[in-house]
Amino acid sequence: MAARRNLRGLLSTADVGAVNRGRLLQSLIDDGPASRAELGRRVNVPRASIGVIVSGLLADGILQEDEPVPPADGIGKPARPLWFTRTALLSGAVAVSRCCVEIAVVAAGGDVLARRAVAVDTDRGPDRLDQEVLRAAADVLGPFRDRLCGIGLSAPALCSPTEREVVACLPAPGLVGTRLPELLEQLFGVPTLLEQDVRAIALGEKWFGLGRGRRDFAALQFDVGVGGGIMLDGHLWGAHARYTMQLGHTCVDVDGDRCKCGLTGCWETVASLRWLRRAAAVAGIPGGRTTSPARLHRRAAAGDAAAAAVLDRYGDQLAIGIGNLVQLLSLDLFVLHGAVVGAGPDFLAALRAKVLARVMPELATGVELVYSRLDQDSVLLGAAAVVLTRYLGAAA
Ligand SMILES: [Zn+2]
């Protein structure tokens, strides 16, 4: 039922059916389980038409009817909400990072049916890395080979998703020149899509996380690296751009330090764990060189003024870039990922105040900052969301 939208021509009858199915499933993912009547209201289609589409999705094992729920007003028949079966629309997710590849099989409802993490050596060039990843992928995805809609491959890299090419990768240079997209496609016989990890995370938040039902938001990662993906009007911003954006390497300090990317004053030079650890070490905080926002938070809560000061400065430096995004795109939801999540609720409240202090009052209204709840699964779920987005022809 792959819905391939040909933007230059009319849709065939089969295409229309696939697009309608895709819209209905997108509505479920956006706004949660719903009865046929509720779905009809959401997508503005008569109940009889919804019934035909839903019958097909039930017969195909994509949706199931859950236990009846009495109507809120107590009048009328209890409705049976529709939701995905535990094995609906399986995606393969392959997430390569500096020293590890995580592989999973993810269903459309967000259930992870199989997973494995394997250490890989990203310093020995793409050929060796490709073989290591393929071996691990065969183990995890192999048993699901005939049921996968596609495979999402994520990398912490500057990519060309349309050319399926890793162009530059500071954390794992051995990924440049990888042939994994075509090799995975050959091995499993399904489309394989390459995406930058932080942009995949944004799609993951839309399908499975706090971005569900929201059309405009940014998912921002503050960890060893700094980056983000932006959803605008329900679409991943830059989906058809030549290259993935490099938010962590936008300049926030004209006299700033040289960054590992070769530029100076990048946001990453002042908002990464590397900055935090250096600042903690300079402040004489025990274990500063390997510290984290979580550890500094605990020290600050116990009365360590130096730890509180480092966290406060860290917040100032995160707020510069987030404030710039508010000014640039008028975004009002920022979902934070990475080690920053350990900094605790007080840090988040202070960070929001710092952001609001950096934006014009009109744009400050309603700005929310939240910690992601997808935790360690955010990249894997993001890679699966890349597949679902393309497969259903949704928000692409
Ligand atoms: Zn840089």
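In this predicted model, helix H10 (residues 305-329) and helix H11 (residues 344-356) have axes that come within 8 Å and cross at roughly 50°. That angle makes H10 oblique to H11, and the crossing of the two helices is right-handed. On the H10 side, the residues that meet H11 are Leu311, Asp312, Tyr314, Gly315, Asp316, Leu318, Ala319, Ile322, Gly323 and Val326, while H11 contributes Phe347, Leu351, Lys354 and Val355. Sorted by class, this contact of H10 with H11 holds nine nonpolar, two polar and three charged residues.

Helix H10 also packs against helix H8 (residues 273-282), here at an angle of about 150° and with the axes 10 Å apart. Because angles over 145 degrees count as roughly antiparallel, H8 and H10 are described as roughly antiparallel to each other. The crossing of H8 and H10 is right-handed, and the contact is formed by Trp275, Leu276, Ala279 and Ala280 of H8 together with Val310, Arg313, Tyr314 and Gln317 of H10. The residues of this contact divide into six nonpolar, one polar and one charged. Tyr314 of H10 is listed in the contact with H8 and also in the contact with H11.

A further helix pair is formed by H6 (residues 197-208) and H13 (residues 378-391), which pack at an angle of about 75° with their axes 7 Å apart; H6 and H13 are therefore roughly perpendicular to each other. From H6, Asp197, Ala200, Ile201, Leu203, Gly204, Trp207 and Phe208 take part, and they meet Ser378, Val379, Leu381, Gly382, Ala383, Ala385, Val386, Leu388 and Thr389 of H13. The contact of H6 with H13 comprises 11 nonpolar residues, four polar residues and one charged residue.

| Helix pair | Angle between axes | Separation of axes |
|---|---|---|
| H10 and H11 | roughly 50° | within 8 Å |
| H8 and H10 | about 150° | 10 Å |
| H6 and H13 | about 75° | 7 Å |

At the level of domains, the assignment divides the chain into domain 1 (13-84), domain 2 (90-204 + 378-391) and domain 3 (212-373). The centres of domain 2 and domain 3, taken over C-alpha atoms, are separated by 26 Å, and 17 residues of domain 2 are in contact with 22 residues of domain 3. Between these two domains an area of about 1,500 Å² is buried, with carbon and sulfur atoms giving 64% of that area. Of the area that domain 2 buries against domain 3, Leu170, Arg199 and Ala202 supply 37%, which is more than any other three residues.

Key:
Residues are numbered from 1 along each chain as its sequence is written. This is a predicted model: local features need pLDDT of at least 70, side-chain atom pairs count only at pLDDT 80 or more; totals for chains, interfaces and linings use all residues. Side-chain values use heavy atoms; hydrogens and water are left out. Axes are lines fitted to C-alpha atoms, for helices over the stretch in contact, and angles run from 0 to 180 degrees between N-to-C directions. Helices (H or I, at least four residues) and strands (E, at least two) are DSSP runs, numbered from the N terminus. Angles under 35 degrees count as roughly parallel, over 145 as roughly antiparallel, 65 to 115 as roughly perpendicular and the rest as oblique. A crossing is left-handed if the near helix is turned anticlockwise from the far one by less than a right angle, and right-handed if clockwise. Contact means heavy atoms within 4.5 Å. Ala, Val, Leu, Ile, Met, Phe, Trp, Tyr, Cys and Pro count as nonpolar, Asp, Glu, Lys and Arg as charged, and the others, Gly among them, as polar. Domain bounds come from an automatic or database domain assignment. Buried area is the accessible area (1.4 Å probe) that two parts lose on being put together, summed over both.
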